[in-house]
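Please look over the notes below with the model open.

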Amino acid sequence: MYSDKNRGVLTGEHPGKATELPVDWDAVRIFLEVVRRGSLRAAAEQLGVSVNLVRSKISKLEDQSKHPLITRHVDGIRVTAEGQHVLAVAKQMEAAAFGIQRAPTHARPEIVGEVKLGVTEGLGTFWIAPRLIEFQRAYPKLLVDLKCEMRSADVLRLEADVSVQLDKPENPDLKVLKIGRLHSMPFASDNYISIYGLPKGEDDIRENHRIVMQVAEQTKTLALYKQHSKGRPQVGFVAMRTNVSSAHVWAVAKGAGIGWLPTYVPAIVGGLVPLDIGIQFQFDIWLTYHPDVKRIPRVKKLIDWTIEAFNGRNFPWFRDEFVHPSELPTQYKGEPLANLFAGFTQSTTLRTAQSV
């Protein structure tokens with residue numbers, strides 16, 4: 001209890017040893033959102049509050065810490081060195097808040113058990129696996145069995161509770177939702193370009209270049225190759241064939257050949273240049289599960305989280321419309337891409353062929 005005379009001093013304590021008022025958790029929460037969204041305006045839109053309120057809360061937090069926490073730039077905000085320290089503490093506070101929310105109550109049963117998520121190997125490795133940390137921290141007593149395969153998981157045979165796939169399931173007994181679209185375009189590494197040069201178009205690729213192919217159940221690669229190769233045999237033209245996305249990405253990154261990759265891949269792997277030669281492929285991303293499993297609380301949590309993980313409003317590379325890799329830094333309003341893909345790369349810059 002605070003005394004009336006010495007505000008901020010606990011009753012019974014000496015006035016000369018005043019205890020500072022507690023940090024405003026709302027200001028901390030807003031600071032976290034500003035960092036994650038990359039701008040004051042984007043954070044305000046996400047939280048449903050005014051930009052002025054966001055600005056006021058950040059100022060209050062800076063006054064309490066006695067240091068500027070962020071600097072404002074044309075393309076968004078940057079976190080200062082002092083801000084990085086506050087950010088680390090803020091994340092601990094958030095984790096503690098989640099812990100309070102997860103405390104078991106009679107009205108809200110604890111989420112415990114095992115959930116199985118099936119997903120294509122590329123999306124599972126490069127997108128879902130790193131971000132499942134958020135889900136696991138929110139529900140630490142859940143065991144997530146992540147199955148990354150290029151064939152679709154059979155949810156009717158309980159291979160997975162929930163499946164994310166590029167083939168639309170046709171079984172009428174399943175619940176099927178389109179949750180995003182994967183856009184693929186050709187990329188080449190700096191190393192490859194230094195040897196073979198930049199291709200001038202589709203004909204030039206067929207005549208003077210080498211490609212890398214990923215042949216798997218859901219990629220439809222062979223049909224696409226037949227459509228665009230104009231009868232050229234694979235031997236002497238295809239430098240490497242692989243069945244998994246991770247090997248495909250690294251082969252292109254190391255200069256084995258030109259390969260078609262998702263548009264967000266340059267944020268993960270440095271030294272990749274998107275090639276604007278007019279050959280792009282799109283794959284709709286489908287989420288499927290048996291309707292009965294959504295009544296299980298832990299599976300419902302996984303379904304809701306997975307849908308949000310492919311939300312095109314937050315992640316522009318999953319929108320229906322094509323967004324060029326060079327536009328992603330301005331279209332994407334969340335935390336810095338280097339943070340989003342932390343663990344795969346330290347820091348990369350998205351570039352276009354024109355900048356080479």
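**Notes on the predicted model**

1. The protein has 12 helices and 11 strands; helices (H or I, at least four residues) and strands (E, at least two) are DSSP runs, numbered from the N terminus. This is a predicted model, in which local features need pLDDT of at least 70 and side-chain atom pairs count only at pLDDT 80 or more, while totals for chains, interfaces and linings use all residues. Residues are numbered from 1 along each chain as its sequence is written, and side-chain values use heavy atoms, with hydrogens and water left out.

2. Of the 356 residues of the protein, 46% count as buried. Buried means under 20% relative accessible area, exposed means over 50%, and partly exposed lies in between, with a 1.4 Å probe and protein chains only. Contact here means heavy atoms within 4.5 Å. Among contacts between residues at least 6 apart in sequence, 71% join residues at least 24 apart.

3. Helix α1 (residues 25-37) has 13 residues. From its first C-alpha to its last, α1 reaches 18 Å, close to the 18 Å expected at 1.5 Å a residue; the expected span is 1.5 Å times one less than the number of residues. The N-terminal end of α1 is capped by Asp 24, with a side-chain oxygen 3.0 Å from the backbone nitrogen of Asp 26. A polar contact is a pair of N or O atoms within 3.5 Å; within protein, one must be able to donate a hydrogen and the other to accept it, and residues adjacent in sequence count only if both atoms are side-chain atoms. After α1 comes Gly 38, whose phi is positive, near 90°.

4. How do α1 and α3 cross, and at what angle? The axes of α1 and helix α3 (residues 51-65) come within 9 Å and cross at roughly 110°. α1 is therefore roughly perpendicular to α3. Angles of 65 to 115 degrees count as roughly perpendicular, under 35 as roughly parallel, over 145 as roughly antiparallel and the rest as oblique. The axes are lines fitted to C-alpha atoms, for helices over the stretch in contact, and angles run from 0 to 180 degrees between N-to-C directions.

5. On the α1 side, the contact is made by Asp 26, Ala 27, Val 28, Ile 30, Phe 31 and Val 34, and on the α3 side by Val 54, Lys 57, Ile 58 and Leu 61. These residues divide into eight nonpolar, no polar and two charged. Ala, Val, Leu, Ile, Met, Phe, Trp, Tyr, Cys and Pro count as nonpolar, Asp, Glu, Lys and Arg as charged, and the others, Gly among them, as polar. The buried residues of α1 include Ala 27, Val 28, Ile 30, Phe 31 and Val 34.

6. Lys 57 of α3 is buried, with a relative accessible area of 16%. Leaving out residues up to four places away in sequence, Lys 57 touches Asp 24, Asp 26, Ala 27 and Ile 30.

7. Lys 66 sits in the loop between α3 and β1 (70-73). Its phi is near 65°, a positive value in a residue other than glycine. Lys 66 is exposed, with a relative accessible area of 61%.

8. Tyr 192, in helix α6 (residues 190-196), counts as buried because its relative accessibility is 0%. Its side chain reaches the backbone nitrogen of Arg 210 at 3.1 Å. The C-alpha atoms of Tyr 192 and Gly 257 are separated by 6.6 Å, although the two are 65 residues apart along the chain.
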